[in-house]
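Me: Could you walk me through how the two parts of this chain meet?

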Amino acid sequence: MSGIKGVVFDVGNVLYGWDPDSFLVRQIADDEARMRFIEDVDLWAWHDTLDGGRPFGDASAELSEKFPDYAHLISAWGDRFGETISDPVPGVHAIVEALDAKGVPLFGITNFSADFWGPFRAREDAFFRRFRDIVVSGEEKLLKPDPAIYYLALDRFRLKPAEALFIDDRIVNVEGARAVGMQAHLFTDAEDLRLRLKAEGLL
């Protein structure tokens with residue numbers, strides 16, 4: 001046995017797909033115009049500020065004032081953010097259910113806007129009830145891979161670093177977890193994850 005006492009999941013592209021590109025295509029069909037919007041407003045860096053805890057109302061008002069021609073697109077990012085989240089990642093929910101059935105404590109650490117998390121969490125309530133706690137970056141004003149968010153999560157989850165297996169699809173976040181002493185797994189697909197969990201004696 002590995003000594004793991006809790007499995008800690010990322011959310012986006014581990015538990016549920018996150019596909020903002022498809023959402024943007026539906027808003028702006030023309031490739032050149034879409035790329036211009038993304039570059040002009042520095043969309044991904046701006047979105048990171050939301051994940052980091054900035055209220056959407058404040059962030060969108062400031063950006064819309066700077067780029068009034070894009071105001072409707074900026075507003076849609078908040079009003080329809082749920083559409084950027086796609087279906088459950090194939091096979092992973094079955095793994096979560098199997099872990100839960102075996103009594104393995106389940107947790108989460110996600111980079112997610114506090115404003116967007118509430119509606120999504122409510123929408124997927126039946127699934128997330130399997131989790132004992134989820135640390136949300138926008139609520140804590142800390143972003144992965146900042147060591148502080150891992151330490152905060154471990155404290156809340158009452159786990160020592162080596163007792164937690166963290167699963168994320170981004171290597172920078174996996175390395176961040178390992179840097180604080182957590183065991184970690186770079187997510188590629190459900191089968192690879194299942195093999196890791198079996199090797200750890202968790203499935």
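Me: Happy to start simple: which residues make up domain 2?
Reply: Keep in mind that this is a predicted model. The domain assignment gives domain 1 two segments, 6-17 and 87-200. Domain 2 is given as the residues 20-83.

Me: How many residues of domain 2 are in contact with domain 1?
Reply: The centres of the two domains, taken over C-alpha atoms, are 26 Å apart. Contact here means heavy atoms within 4.5 Å. On that basis twelve residues of domain 1 meet domain 2, and the number on the side of domain 2 is 13.

Me: Which residues of domain 1 lose the most area to domain 2?
Reply: About 810 Å² is buried between the domains, and carbon and sulfur atoms give 61% of that area. On the side of domain 1, three residues together make up 54% of what is buried there. They are Asp115, Phe116 and Leu143.

Me: Which helix gives the largest share of the side of domain 1 that touches domain 2?
Reply: Two elements give two or more residues to this side: H7 (114-123) and H9 (137-140). By class, the side has five nonpolar, four polar and three charged residues. The largest share is four residues, and the helix that gives them is H7.

Technical notes:
Residues numbered from 1 in each chain as written. Predicted model: local features only at pLDDT ≥ 70, side-chain atom pairs only at ≥ 80, totals over all residues. Heavy atoms only, no water. Domains from an automatic or database assignment. Buried area = accessible area lost by both parts, 1.4 Å probe. Nonpolar A, V, L, I, M, F, W, Y, C, P; charged D, E, K, R; others polar.
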